[in-house]
Amino acid sequence: MDKKLRIGIIGCGGIANGKHMPNLKKLDDKLELVAFCDIVLERAEAAAKKFGTEDAKVYEDYKELLKDETIDVVHVCTPNRSHSFITIDALEAGKHVMCEKPMAKTYAEGKAMLEAAKRTGKKLTIGYQNRQCTENLYVKDACRENEFGEIYYAQAHAIRRRAVPTWGVFLNEYEQGGGPLIDIGTHALDLTLYMMDNYEPKMVVGNTFRKLADQTNTANAWGDWDPEKFTVEDSAFGHIVMKNGAVVMLEASWALNVADANEACYTLCGVDGGVTTKGDLRVNKVKHGRQVIETPNLNAGGVAFYDGKKGDASELDMYQWINAIINDTDPCVLPEQALCVTRILEAIYTSAKTGEPVYFED
């Protein structure tokens, strides 16, 4: 391309300010942030002043932003409830879209997003930036080389001891669709399926709990939550069976009485070895008739970043996404993959409500 990409941001809250806009701004040789939208106009104005071009425009109505035919790319950084219809409208308006995770509240909404991307020919990706963490790049290379053999058992970890988000709409079931399962469990499941390269679930059994939500004097990392506003689960667990027989155990909690907390990590068990990112990255295998645990040094190079580009996971995620648009290649996170994650999460919630397993027909 001989011109910079023109980017619009829809939703100028915490995730946009903490992840999307600052990391896009680092790529100012490739793009310009030219439009900002938020239902609270002051947030859009503040974002435009901090990250935008001198002539950046601000909006309260995202549909007005989408009328700007000069905008090439839109980032959807709104609560989960509005991911689907804003993304579909943006794709229909001729924009490439990065939508913040999870893809959507429901499988039907996510499927409609995927169909819109296929129909319009525009790129769609979902913000699973943890794929770009150094340890995950390393493990993915090992999986590509089949270092662990067939992976038939895995655990997806997303456990906090007492770290319930008390701001925004995190505790609002209507806006978000759920609690820790859809918020942080989604990252752990995405990473696990990505490493296994397995997106064919057969059935799910799920359980959710709201056991600590009514407590006060909670010792929560971000201060006490309001029990009356806590309308989602505080913990969720899923037993996932894939069509090839592999099993994934998913655990997700904002508040669980455990001594050790780990999130956005996984344990993989294969025929020829295993790996966990729970705590330090450890690879286990048998060598010369002995059990061996390897701890790769991830601080001294060894990982080939994109075109020599180095940075944290969020920066690398934006870098690969923008390059996918410029070079007309696939982004790291394909919408089909993200849709599978959403489908499984919804099934866990459904199973927990009905007390029955959920089977997938296709």
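Colleague: Why is S11 largely enclosed by the rest of the structure?

Modeller: This is a predicted model, so bear that in mind. Within it, 7 of the 9 residues of S11 are buried, and therefore the strand is largely enclosed by the rest of the structure.

Colleague: OK, and which sheet order are we talking about?

Modeller: The order is S14-S13-S12-S11-S7-S10-S9-S8-S15, an open sheet of 9 strands with mixed pairing. Strand S14 (290-294) and strand S15 (358-359) are the edges, each pairing on one side only.

Colleague: How many bridges join S11 to S12?

Modeller: There are 3 bridges between strand S11 (residues 262-270) and strand S12 (residues 274-276), and the two run antiparallel. They make a hairpin, with 3 residues between them.

Colleague: Which residues are the bridge partners there? Start with Leu-268.

Modeller: Leu-268 has Val-275 in S12 as its bridge partner. Cys-269 is partnered by Gly-274, also in S12.

Colleague: And what about S7 and S11, parallel or antiparallel?

Modeller: S7 and S11 are antiparallel, paired over 8 bridges. Leu-268 turns up here too, as the S11 bridge partner of Ala-154.

Colleague: Switching to helices: which strands does H6 touch?

Modeller: Helix H6 (residues 134-144) packs on the sheet and touches strand S7 (151-159), S11 and S12. The direction of H6 makes about 20° with that of S11.

Colleague: What does H10 lie across?

Modeller: Helix H10 (residues 335-354) lies across strand S8 (201-209), strand S9 (235-242), strand S10 (247-253) and S15. H10 runs at about 55° to S8.

Colleague: New topic, the core. Which residues have the most contacts inside the largest nonpolar one?

Modeller: Those are Leu-65, Val-139, Leu-189, Leu-250 and Leu-268, in a core of 81 residues. Helix H8 (residues 180-196) gives the most to this core, with 10 residues.

Colleague: What is Leu-65 in contact with, leaving aside its neighbours within four places in sequence?

Modeller: Leu-65 is in contact with Ile-9, Ile-10, Ala-35, Phe-36, Cys-37, Tyr-59, Ile-71 and Val-74.

Methods: Residues are numbered from 1 along each chain as its sequence is written. This is a predicted model: local features need pLDDT of at least 70, side-chain atom pairs count only at pLDDT 80 or more; totals for chains, interfaces and linings use all residues. Side-chain values use heavy atoms; hydrogens and water are left out. Two strands pair if DSSP finds at least two bridges between them. Helices (H or I, at least four residues) and strands (E, at least two) are DSSP runs, numbered from the N terminus. Contact means heavy atoms within 4.5 Å. Axes are lines fitted to C-alpha atoms, for helices over the stretch in contact, and angles run from 0 to 180 degrees between N-to-C directions. Buried means under 20% relative accessible area, exposed over 50%, partly exposed in between (1.4 Å probe, protein chains only). A nonpolar core is a set of buried Ala, Val, Leu, Ile, Met, Phe, Trp, Tyr and Cys residues joined through side-chain atoms within 4.5 Å.
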